[in-house]
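Hello,

Here is the structure I promised to pass on to you. Have a look at it first, and then read my notes below.

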Amino acid sequence: RLTVMPPLSDLTNLKILTIEGSIESLPHGTFDGLSRLETVNLNSNRLSSIPAGVLVPLSSLRFLYLRENLISSIEVGAFSGNPRLEELDLTYNLLTAVTYGVIVNVDTALIGAQYKVAIAEGNSLSCIPSIGSTVVWDERSDRLPACTCGAGFYLDSGASQTLCTRCTGSCEIGQELCPAGSDIDGVCSDCLAGKYGNSDF
């Protein structure tokens, strides 16, 4: 019974890979030499995380299926390095939060391409990051609200999970530090009518 993906570097002409059952991890080097691989189907395994960099050798990757695993964490940049990625399925895992830094694919964004992401179904997400036009969410994910934070906090988009982080710094009297919905630390805005601002938070 395989629990770790074996090295596949000898299969240089492989275009479709399907392994289902008991894979628990994806070590670095797993996909070395597989630049022609277009479809990776790892549905119904026991993966718990997706490390950054492991998919980088897959320069032709178009479809990535990770449905019905035990994924609870995804490292920032895990899906960068794959400029042709068209579809990503993360449904039915153990995800409770996800941020811009996890989902954004820098390479597709640079060439103005889009890719479809299915993630809400079967996970415990209450919101999705606001990413813009590089990602097309599936219908169920698209119904979730955009992630935001309350006043005094900002949404840390570089984090591996959705983190509302306390703002630092100070503002002028009459201004509010990090109003609700902020995604940048230290931003100041004029207080709304009926409110007052302190010089620090």
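**A buried threonine to start with**

Thr30 is buried, its relative accessible area being 3%; buried means under 20% relative accessible area, exposed over 50%, and partly exposed in between (1.4 Å probe, protein chains only). Before going further, please note that this is a predicted model, where local features need pLDDT of at least 70, side-chain atom pairs count only at pLDDT 80 or more, and totals for chains, interfaces and linings use all residues. Residues are numbered from 1 along each chain as its sequence is written, and side-chain values use heavy atoms, with hydrogens and water left out.

You will find Thr30 in the loop between strand 1 and strand 2. Strands (E, at least two residues) and helices (H or I, at least four) are DSSP runs, numbered from the N terminus. The side chain of Thr30 reaches the backbone oxygen of Pro27 at 2.6 Å. Setting aside residues up to four places away in sequence, Thr30 touches Met5, Pro6, Pro7 and Leu8, where contact means heavy atoms within 4.5 Å.

Ser22 sits in the loop between strand 1 (16-18) and strand 2 (39-41). With a relative accessible area of 11%, Ser22 is buried. Not counting residues up to four places away in sequence, Ser22 touches Arg1, Leu2, Thr3, Asn45 and Arg46.

**The cores**

The largest nonpolar core has 37 residues, and those with the most contacts inside it are Phe31, Leu66, Phe79, Leu90 and Ile103. Such a core is a set of buried Ala, Val, Leu, Ile, Met, Phe, Trp, Tyr and Cys residues joined through side-chain atoms within 4.5 Å. Two or more residues of this core come from each of helix 1 (100-103), strand 7 (115-118) and strand 8 (135-137). Leaving aside neighbours within four places in sequence, Phe31 is in contact with Met5, Leu17, Leu26, Leu37, Val54, Leu55, Pro57 and Leu58.

**The sheet**

In what order do the strands of the open sheet of six run? The order is 1-2-4-6-7-8, with parallel pairing; two strands pair if DSSP finds at least two bridges between them. Strand 1 and strand 8 are the edge strands, each pairing on one side only. On average, neighbouring strands of this sheet are turned by 10 degrees against each other, direction ignored (axes are lines fitted to C-alpha atoms, for helices over the stretch in contact, and angles run from 0 to 180 degrees between N-to-C directions). Strand 6 (residues 87-89) pairs with strand 7 in the parallel sense over three bridges, and Leu88 stands opposite Val117 in strand 7.

**Two disulfides**

A search of the whole structure finds two disulfides, each a pair of cysteine sulfur atoms within 2.5 Å. One joins Cys167 to Cys178, S to S 1.8 Å. This link of Cys167 and Cys178 is left-handed, with -105 degrees about the S-S bond. Cys167 lies in the loop between strand 10 (164-166) and strand 11 (175-177), and Cys178 in the loop between strand 11 and strand 12 (188-190), eleven residues apart. Cys167 counts as buried at 6% relative accessibility, and Cys178 is buried at 0%.

The sulfur atoms of Cys171 and Cys188 are 2.1 Å apart and form a disulfide, left-handed with -90 degrees about the S-S bond. Here Cys171, in the loop between strand 10 and strand 11, is linked to Cys188 in strand 12, 17 residues apart. Is each end buried or partly exposed? Cys171 is buried, with a relative accessible area of 7%, whereas Cys188 counts as partly exposed at 29% relative accessibility.

Enjoy exploring!

Notes. Polar contact = N/O pair within 3.5 Å; in protein donor to acceptor, adjacent residues only side chain to side chain.
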